[in-house]
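Here is a short briefing on one protein model. Keep the sequence and the 3D view open as you read.

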Amino acid sequence: YVFKPLEVKTKRVRFVPSETNLTQTNRPNPFSMVRMLSRSTTLIAVTFLGRSASTNAFGIKSSASHLQRFALRNTVPHLRMSSSDAETKKRVLVPIANDSEEIETSCITDTLARFGADVTVASVNPDGDLVCKMSRGIKFLADIPIEEAKGQEWDLIALPGGMPGAEHLRDCDILIDLLKEQKAKGKIYAAVCASPAVVLQAKDLIDTAGHTCYPAPGFRSTMKDPVDTDVVVQENVATSKGPGTSLKFALSLGEMLYGKEMADQIATQMLVVR
């Protein structure tokens, strides 16, 4: 077939067959292929007329049904996130270190991702290595070094426990500065297992009594009137006891970010009784 331009508009081009081609068939079989480009609003629509099992505009022998499947496959829009979606997508920072607790890390990251949060795992390794060998020998690959988390806004910073992983978190000045910023802004931060005692309490990031941590005397003795509760939420600070309470802990963090109704839905899908 020979095509000639019929009409040209800004960011839109349309083509139709020439008049000589119209005489080649008495039963035109028109269909449209539309591809929406993710990086612009350009829309290119090409209309084909022809017989089944004929040669298409690109010189490819193909049936009409095949071309229709091709058109359908290419009409799926590749759209960027709308501004409203961007506003509701919460940003979560999960710092990890060598010897952080893997169950707690997985529960936090996986569960909050199910809520739709944008979860970033940051390595606090002094050498910037993104690979962290966790407390049971499993290796985790972080998304960024902790240095790249500076200067960004986080809706939540959630610390896993594990020893001596919690001590590595405590000794990371960049992370402590980020946590202090969260506190000053009234934004959410949280810790589980050893980290409530080793990090939050040690760095004066918990002002009130009645939080919880891993039930070991060495940790509880540093806390202010600790309670034997799986998860404690006080204003913008949440704490939890350990690996076995991590799913409830993560669901509570999701509730703080997205509300109880959504948290209950996620819990039901995960078969977790709250």
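Thr120 is buried because its relative accessible area is 12%, and buried means under 20%, with exposed over 50% and partly exposed in between (1.4 Å probe, protein chains only). This is a predicted model, where local features need pLDDT of at least 70, side-chain atom pairs count only at pLDDT 80 or more, and totals for chains, interfaces and linings use all residues. Residues are numbered from 1 along each chain as its sequence is written, and side-chain values use heavy atoms, leaving out hydrogens and water.

**Around Thr120**
- Thr120 sits in strand S8 (residues 118-123).
- Strands (E, at least two residues) and helices (H or I, at least four) are DSSP runs, numbered from the N terminus.
- Leaving aside residues up to four places away in sequence, Thr120 touches Val92, Leu93, Val94, Asp143, Ile144 and Trp154.
- Contact means heavy atoms within 4.5 Å.

**The whole protein**
- The protein has ten helices and 15 strands.
- Of its 274 residues, 42% are buried.
- Take the contacts between residues at least 6 apart in sequence: 60% of them join residues at least 24 apart.

**Helix H6**
- Helix H6 (residues 173-185) has 13 residues.
- From first C-alpha to last, H6 reaches 18 Å, close to the 18 Å expected at 1.5 Å a residue; the expected span is 1.5 Å times one less than the number of residues.
- Its buried residues are Ile174, Leu175, Ile176, Leu178, Leu179 and Gln182.
- These buried residues pack against several elements, including strand S7 (91-96) and helix H5 (165-170).
- Gly186 follows H6 and has a positive phi, near 70°.

**Helix H9 and its partners**
- Two packed helices are described by the angle between their axes and the distance between the axes.
- Axes are lines fitted to C-alpha atoms, for helices over the stretch in contact, and angles run from 0 to 180 degrees between N-to-C directions.
- The axes of helix H4 (residues 102-115) and helix H9 (residues 246-258) come within 9 Å and cross at roughly 35°.
- By class, the contact of H4 with H9 has eleven nonpolar, three polar and two charged residues.
- Ala, Val, Leu, Ile, Met, Phe, Trp, Tyr, Cys and Pro count as nonpolar, Asp, Glu, Lys and Arg as charged, and the others, Gly among them, as polar.
- H9 also packs with helix H10 (residues 260-269), at about 145° with axes 7 Å apart.
- There, Leu251, Glu255 and Tyr258 of H9 meet Lys260, Met262, Ala263, Ile266 and Ala267 of H10.
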